[in-house]
Amino acid sequence: MNRRIRVLAAKPGLDGHDRGIKVICHGLRDAGMEVIYTGLRQTPEQIVATALQEDADVIALSILSGAHDFLLPKVATLLKEKQIDKTLLIAGGIIPEGDIESLKKRGISEVFGPGTRLAEIEEYIKGALSKT
Amino acid sequence: MGEDINEIRKEKKRWAEHSMKKPVEKHLSDWDDPLELLYTPDDLEDSDYLSDIGFPGEYPFVRGIHPAMYLGRPWTKRQYAGFGTAEETNERYKYLLSQGQTGLSVAFDLPTQIGYDSDYAISEGEVGKVGVAVDSLRDMEIIFDGLSLDKISTSMTINAPAGILLAMYVAVAEKQSIPSEKLRGTIQNDILKEYTARGTYIFPPRPSLRLITDIFGFCSKKIPLWNTINVGGYHMREAGCSAVQEIAFSFSNAIAYIEAGLKAGLDIDAFAPRISWIFNTHNKIFEEVAKYRAARKVWANLLRNRFKAKNPKSWMLRFHTQTSGVSLTAQQPENNLIRVAYQALAAVLGGAQSLAACSYDEALAIPTEKSVRLSLRTQQILAHEAGVTDTVDPLGGSYYIEALTKKMEHKINELIAKIDDAGGAIPAIENGYIQKEIEARAYKIQREIEQNQRTIVGVNEYKVAEKVDAALFKADPDVAQRQIKKLESLKSSRDSKKVQAALSAVQEAAKGNDNLMPHFMVAVKSYATLGEICDVLREVFGEYHAVGTV
C-alpha cells in the first residue's frame with residue numbers, strides 16, 4: 001500500500017467516554033496514519049456513510065456503555081450491505097471477555113480492552129491490512 | 001514555632017550536603033511540579049496559622065467545613081447504582097440500604113440522560129445498560145416504591161434534563177404525602193462539564209444555563225434542602241486532566257453558573273449554599289488530601305470576596321467524591337480493591353462529606369452485587385476500624401501537606417485567573433481550550449505508561465499471564481422490550497389531552513422567560529414522557545454540536 005492508512009475513529013451510540021478513542025487518534029496519527037474522528041453519538045448508519053465518504057481502510061469503534069452487542073455487529077452488517085466489508089473493523093472499550101468471541105463471529109476483527117498499548121493496535125492494523 | 005527558621009534552613013543545607021550519598025532525582029507532582037525530597041518548617045515560613053489555615057468549621061475552612069467533622073457526623077456512604085428496569089433498581093436500593101448504605105445515588109441509562117425514551121430508534125442497544133431507564137413518572141414511582149422520601153437523601157446523576165427528573169421526584173414525594181420542603185438530595189445539573197467530558201449534553205450552553213437558573217430559583221422557594229447543582233471535577237479528571245485542573249476547571253464552571261444566577265436576579269446567598277460538588281480521588285494520597293484542603297480555601301475566598309456572599313454556608317465547599325474509575329485496571333482486577341482502599345483513605349483524610357468507592361470489576365463490566373458490597377465494606381472498615389475519624393484533619397500540620405496545600409491553592413488561583421481573562425468557562429469550552437488541555441494530558445499519560453516512565457502494577461510491570469475469571473454482571477437482554485411495553489401501556493392509559501396541553505405550556509414557557517419548573521411539574525404529572533418533554537425543548541432551544549478538537 002502506497003498511500004497512508006486511513007482510519008475512521010468513531011463513537012457509536014450514546015456513550016460519552018472519549019478519553020480512550022482520543023488517545024488512540026493521537027497515537028495512530030503519530031504512527032503516520034491519517035485519522036478522522038467522528039465525535040460522539042454516531043449511529044451505525046452515520047459511521048458507515050462516513051467510512052464510505054472518507055474511503056477509510058479501518059474503522060475503529062470505541063464503546064464503554066454496554067451497547068456493543070447491538071451496535072458493533074450492526075456496523076459490520078451495514079458494511080456488508082454496502083459491499084465495503086474489506087474495511088477492517090476493530091473495536092475497543094469496556095467489552096467483557098465473554099462477549100468477544102460472538103463479536104468476532106459477527107464481523108469484528110479484533111477487540112482491544114483497557115491497558116492495550118498503542119503500538120499493539122498500530123501493529124495489528126498494519127499486519128491485517130498487509131494481508132489484504 | 002520555637003526554632004529559628006534560618007537555623008533550620010542552614011541545618012537542612014548541611015544535612016543535604018553531608019548525608020546524601022548521591023543526588024536523587026526529584027519526583028513530579030500530578031501537575032508536573034517537582035516535589036522536595038524532604039519538607040521542613042522553613043517550607044511553611046510565610047504561613048500564618050490563624051489567617052491561612054484556621055479552625056475547622058470556620059473561614060477559610062482548610063481543615064474541614066464542620067467543626068467536629070466525622071466525630072459529629074460520619075460521611076455519607078453513597079454507592080452509585082442503578083441498572084435495567086425501575087423494578088430491578090428498586091430491589092438493589094432496598095438491598096444496599098439494608099447493608100448500611102446511608103444515601104442513594106441513581107445511575108440513569110444513557111437515553112434517559114440525553115432525554116430520549118426507550119422506544120426511540122437511537123436508544124436501541126442502550127436501554128437499561130449503564131443505569132436505570134426512566135421514561136415517565138411511572139418509572140420513578142417504581143424506583144422509590146416502599147422507600148420514604150423524607151427518610152433518605154437521593155443523589156441523581158442527571159444533567160441536561162435534570163429539572164424534569166427533579167420534577168418527577170417531587171411528584172413521587174407528593175404521592176407519598178411528603179411536602180417538597182422535606183426532600184433532601186442532589187441533582188448533578190452541571191451541564192458545562194458535559195461539553196468537556198462525559199458527553200450527555202442536549203441543548204447549547206445558553207439555554208442550558210437558563211434551565212439551571214430556573215432550578216436555582218424554584219428550589220430556593222420550594223425545595224430549600226435540595227442541592228440544586230453538583231458541580232463536577234470528577235469527569236474531567238477521569239478524561240485526563242490534573243488535580244489542579246480538576247479544581248480550576250470545575251470552579252470556573254461554577255463561576256459561570258453563579259454569574260448566570262446573579263444575572264437572573266437571584267441573591268447569592270439564596271442559591272450558593274445549595275451548590276455541592278463531586279470530585280475525583282485519585283492515586284496520590286497526599287496530593288489528593290492537599291487538593292481538598294486547598295480547594296476549600298479557594299472556594300471560600302471566591303464566594304466571600306469575589307461574590308460578596310454573607311452567609312458562611314455559601315462559602316463552604318461541600319463535596320462528594322468517588323474514587324478514580326480510570327485508575328482501575330482490567331489486568332489482575334483484584335488489585336483494584338487495594339487502589340480503591342487507598343483512594344478512599346485519601347478522600348476521608350481530605351474531609352469528604354460523601355463517598356462512593358469504585359468496584360474492582362469496573363474496568364470489565366457493570367459491578368456485581370458482590371463487588372459493590374466490597375466497596376461499601378471498604379468504606380465501613382475505614383469508618384469503624386482504621387481510626388481515621390478519631391480527630392479532625394489528621395494530616396494538618398504535616399510540613400508536606402501544608403506546603404502542598406499552599407502550592408495547590410496558588411496554582412488553582414492562577415488557572416482560574418487565566419480562564420477568567422479569556423472570558424470565562426463558556427468561551428474556554430466553545431473554543432475547545434478545556435477539551436484540548438484534557439486530551440493532551442491523557443495522551444501524555446498513555447505515552448508515559450508505554451515508555452515505562454509511569455508504573456501501573458499489572459499493566460506495564462508485574463504482569464502475569466491470566467485468564468480473567470471474575471463473575472461479571474450480565475445485563476438482561478429483555479429490559480428494552482419490557483420498558484417499551486410499559487411505555488405502550490402508559491400511552492394508551494393516560495389522558496392525552498392533558499398531556500398535549502402540558503407540553504404546549506412547556507413550549508410557551510421555553511420561548512419566554514417563565515420559570516420552567518412549574519411547567520415540568522404539570523407535564524410529568526400528566527405522564528408526559530421524558531422524551532416528549534425534551535423534544536419540545538429541543539425544538540425551542542436547538543441542540544448542541546460538539547466542537548472538533550482531535
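B:Ile533 touches B:Ile164, B:Leu503, B:Val506, B:Phe520, B:Ala523 and B:Ala528, leaving aside residues up to four places away in sequence. Touching, or contact, means that the C-beta atoms of two residues, placed from the backbone, lie within 7 Å. This is a predicted model: local features need pLDDT of at least 70, side-chain atom pairs count only at pLDDT 80 or more, and totals for chains, interfaces and linings use all residues. Residues are numbered from 1 along each chain as its sequence is written, while chains are lettered from A and ligands numbered from 1 in the order in which they are written.

- A residue is buried if 20 or more other C-beta atoms lie within 10 Å of its own, with C-beta atoms placed from the backbone.

**Chain A strands**

- Strands (E, at least two residues) and helices (H or I, at least four) are DSSP runs, numbered from the N terminus.
- In strand E1 (residues 6–10) of chain A, four of five residues are buried.
- E1(A) runs parallel to strand E2 (residues 34–37) of chain A, with four bridges; strands pair if DSSP finds at least two bridges between them.
- A:Val7 has A:Val35 in E2(A) as its bridge partner.
- From E1(A) the chain crosses through H1(A) to E2(A), a right-handed β-α-β crossover. Right-handed means that, with the strands pointing away from the viewer, the path from the first strand over the helix to the second runs clockwise.
- Strand E3 (residues 58–63) of chain A also runs parallel to E1(A), joined by four bridges.
- A:Ala10 stands opposite A:Leu61 in E3(A).

**Strand E9 of chain B**

- Strand E9 (residues 319–323) of chain B is largely enclosed by the rest of the structure, because five of its five residues are buried.
- B:Phe319, B:Thr321 and B:Thr323 lie on one side, B:His320 and B:Gln322 on the other, and all are buried.
- In a regular strand, side chains alternate between the two faces of the sheet.
- Five bridges link E9(B) in parallel to strand E8 (residues 275–281) of chain B.
- Three bridges link E9(B) in parallel to strand E10 (residues 354–356) of chain B.

**A–B contact**

- Chain A gives 28 residues to the contact and chain B gives 34.
- Five residues from H1(A) form the largest share of chain A's side.

Terms used:
Buried ≥ 20, exposed ≤ 12 C-beta atoms within 10 Å, placed from the backbone.
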